[in-house]
Amino acid sequence: MSAAEYPVPQPVAGRGALFVEHRLKTPQVSESAYIAPSAVLAGDVTIGPHSRVLFGAVITAEGGPVEIGRDCVIMENAVVRGVPGQETRFGDEVLVGPHAHLTGCVIEGGSRIATGAMVFNGARVETGAEVEFNAVVYVNTVVPAGTVVPMGWFAGGQPAELVAPGDWDRIRAIMGPLDYPGTVFGVGASSLMPDIARRYARGLALHHRDHILPDERHLLTQEDAH
């Protein structure tokens, strides 16, 4: 039997990566995207053309979809989490550095989220903004277009006020009205952590019904026209 007689293998997105059917939704990846082995995509996740998800990155739709645009790079061990009630969407040409954490947020095109940075629920980072190493964008915060949140600084409010690390009085004053407990956990500020943990555990219970998809079931989407 000659090599020409062997069947042509079916194209596969993310060969060796972990694709998970969660809440009856499966990840969909553009045919030109790259998903590294050891990356994890779970649930209603869409990856656009020419985007790259590198080793150890986790993109998980925990009750809300995650949409990644074209020419995006999600680097090693970054975590992107979609949640109910808050849009999780990256525009085109977004760079997310290693060990960054982003939950229930919108990152508009041409933005950069550097190594170790955190962007919380309900936040929006507008076009061309940058969130530097280990900086924090707090819940329900808008970082205006072109703004740079400096290394290790806190951004909170609409529009974001930028506060240097260590100015805890100012940081606490900004945090209060933005309602972290209600935004993230759907509870009042006086709720106790055991109650919050129980609610969170119940919300994650649907993972018991997940299915790991073999490589041949990793779904490819067609390239768009532009």
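**Entry 1: a cut-off to keep at hand.** I call a residue buried when its relative accessible area is under 20%, exposed when the value is over 50%, and partly exposed in between. I also note that this is a predicted model.

**Entry 2: Glu132 and Arg112.** I began with Glu132, and with the cut-off of under 20% its 16% relative accessibility counts as buried. I then looked up the partner: the side chains of Glu132 and Arg112 meet in a salt bridge, at 3.0 Å from N to O. Where do Glu132 and Arg112 lie? I found Glu132 in the loop between β18 (130–131) and β19 (136–137), and Arg112 in strand β15 (residues 112–113), so the pair ties together parts that are 20 residues apart in sequence. Arg112 has a relative accessible area of 21% and is therefore partly exposed. Which residues do salt bridges with shared partners join into one network here? I noted Arg112, Glu130 and Glu132.

**Entry 3: other salt bridges.** How many salt bridges does a search of the whole structure find? I wrote down nine. Among them, I looked up the one in which the side chains of Arg70 and Asp71 meet, at 3.8 Å from N to O. Is Arg70 buried or exposed? With a relative accessible area of 14%, Arg70 is buried, whereas Asp71 is partly exposed at 36%. I also checked Glu87 and Arg89, whose side chains meet in a salt bridge at 2.7 Å, N to O. Glu87 counts as partly exposed at 44% relative accessibility, and Arg89 is partly exposed as well, with a relative accessible area of 24%. A reminder to myself on why such pairs form: side chains of opposite charge can pair when their charged atoms come close.

**Entry 4: the sheet.** Next I turned to the strands. I found an open sheet of eight strands with parallel pairing, in the order β20-β17-β14-β11-β8-β5-β2-β25. Which are the edge strands? They are β20 (142–143) and β25 (219–221), and each of these pairs on one side only.

Entry 5: I picked β14 (residues 106–107) and β17 (residues 124–125), which pair in the parallel sense over two bridges. Which residue in β17 stands opposite Ile107? I traced the position across and found Val125.

Definitions and conventions
Residues are numbered from 1 along each chain as its sequence is written. This is a predicted model: local features need pLDDT of at least 70, side-chain atom pairs count only at pLDDT 80 or more; totals for chains, interfaces and linings use all residues. Side-chain values use heavy atoms; hydrogens and water are left out. Two strands pair if DSSP finds at least two bridges between them. Helices (H or I, at least four residues) and strands (E, at least two) are DSSP runs, numbered from the N terminus. A salt bridge is a side-chain nitrogen of Lys or Arg within 4 Å of a carboxyl oxygen of Asp or Glu. Buried means under 20% relative accessible area, exposed over 50%, partly exposed in between (1.4 Å probe, protein chains only).
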